[in-house]
Amino acid sequence: MDRFVYIHGFNSGAQSRSGRELERVLGQPVICPQCDYSLPFEKCISDLRQQIVEAVNANIDSICLMGCSLGGFYALHMRHPAICHIVAWNPAVFPAAQLKDFVGTQTRFTDGEEWEFTDEALYSYAAAPDPRPWLNDVWLEERRLAQHSWEKEQPSLCLSGAQRVTFSPSEGAGEKGGLPPAEREARFEPPRDIFLGTRDELIDHRLTRAYWQGWANLHKIESGHQIADYSHAAELLKKGMLSASFADWRPGEKWAEEFANAGHFDMAGIFPE
């Protein structure tokens, strides 16, 4: 099943206007985890990942992960085997520098709650790994641990000498569905699409463009930092996503054109005369 997950920005929350607007544009529910940005980077991303793991099934779900501003930063850093597409709007690139003016007491837009953004949380972003290379030391170690955990859950046979043989797809399995989650995550890099507001008053879109050039599909939009309308991304977000059921199908929709143009199947030989 296709799932959409949206990570909210710095002073927003799970009940953000952007999450509701994306639900309207997509015509289906959007999972909106609550981010505690008072936590240091490593704890915050771990908490976010755990919320996503609990909300989806990596074996049957495909995730389109979305985020704005600091939420876009986290979306572009997130790793999960079910993620098939990452979309970010005006993502932060260097939070340790770009958020320095926000240290102190903050008030969330969504519920009016006050929270504290500390120097410790700010400078923790200096240790964030580079999200552009698909594999680096941090993700390699995470992949190794995930692979080990997956292998322990597979049916196995213990031979003499304590040798353990696991009945699982081979390392060279070519199909995505036949690979363990950690291997799928490493081999199949999800496409990244980044929308940059040319009137962004908080983040210099030119810096973001220079940073992500060659590593993501970059789109220019006439917008400030806050996105008022997400309809510009509707077709992109739905591209390649499957309907939850055939009841969602409507004749003439663009996603169905490939099927309509594919000819027909010859049923001869399948049913007895």
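This is a predicted model: local features need pLDDT of at least 70, side-chain atom pairs count only at pLDDT 80 or more; totals for chains, interfaces and linings use all residues.
## Overall make-up

The protein has 273 residues, of which 42% are buried. Its secondary structure consists of 10 helices and 10 strands.

Six strands make up an open sheet with parallel pairing, and their order is β2-β1-β3-β4-β9-β10. The edges are taken by β2 (30-31) and β10 (217-221). Each of these two has a single partner strand, so one side of each is left without a neighbour in the sheet. Strands of a sheet pair through backbone hydrogen bonds, in either a parallel or an antiparallel manner.

Strand β4 is joined by four bridges to β9, which covers residues 192-197, and the two run parallel. Within this pairing, V87 stands opposite D193 of β9. Helix α3 packs on the sheet, where it touches β1 (2-7), β3, β4 and β9. The direction of α3 makes about 145 degrees with that of β3.

How many salt bridges does the structure hold? The count is six. In general, side chains of opposite charge can pair when their charged atoms come close.

One of the six salt bridges joins the side chains of D61 and R3, with 3.4 Å from N to O. D61 sits in the loop between α2 (41-55) and β3, while R3 belongs to strand β1, so the pair ties together parts that are 58 residues apart in sequence. D61 counts as buried because its relative accessibility is 8%, under the 20% limit for that class. R3, at 22% relative accessibility, counts as partly exposed.

R24 takes part in a salt bridge with E21, in which the closest N and O atoms are 2.7 Å apart. Both residues lie in helix α1 (residues 17-26), and their spacing of three residues is about one turn of the helix. Is E21 buried or exposed? E21 is buried, with a relative accessible area of 14%, whereas R24 is exposed at 54%.

R24 also meets D229 through a side-chain salt bridge of 4.0 Å, N to O. This pair links distant parts of the chain, since D229 is in the loop between β10 and α9 (234-238) and R24 is in helix α1, 205 residues apart. D229 is partly exposed, with a relative accessible area of 38%. Through shared partners, the salt bridges join E21, R24 and D229 into one network.

## Two residues with positive phi

Two loop residues have a positive phi without being glycine. S69 is one of them, with a phi of about 55 degrees. The loop that holds S69 runs between β3 (62-68) and α3 (70-77). With a relative accessibility of 15%, S69 counts as buried.

N90 is not a glycine either, and its phi is positive at about 45 degrees. N90 is found in the loop between β4 (83-89) and α4 (95-98). The relative accessible area of N90 is 2%, so this residue is classed as buried.

T208 is placed in helix α8, which spans residues 205-212. Its relative accessibility is 1%, and T208 therefore counts as buried.

Which residues are in contact with T208, leaving aside its neighbours within four places in sequence? They are P91, V93, L196 and I203.

Technical notes:
Residues are numbered from 1 along each chain as its sequence is written. Side-chain values use heavy atoms; hydrogens and water are left out. Buried means under 20% relative accessible area, exposed over 50%, partly exposed in between (1.4 Å probe, protein chains only). Contact means heavy atoms within 4.5 Å. Two strands pair if DSSP finds at least two bridges between them. Axes are lines fitted to C-alpha atoms, for helices over the stretch in contact, and angles run from 0 to 180 degrees between N-to-C directions.
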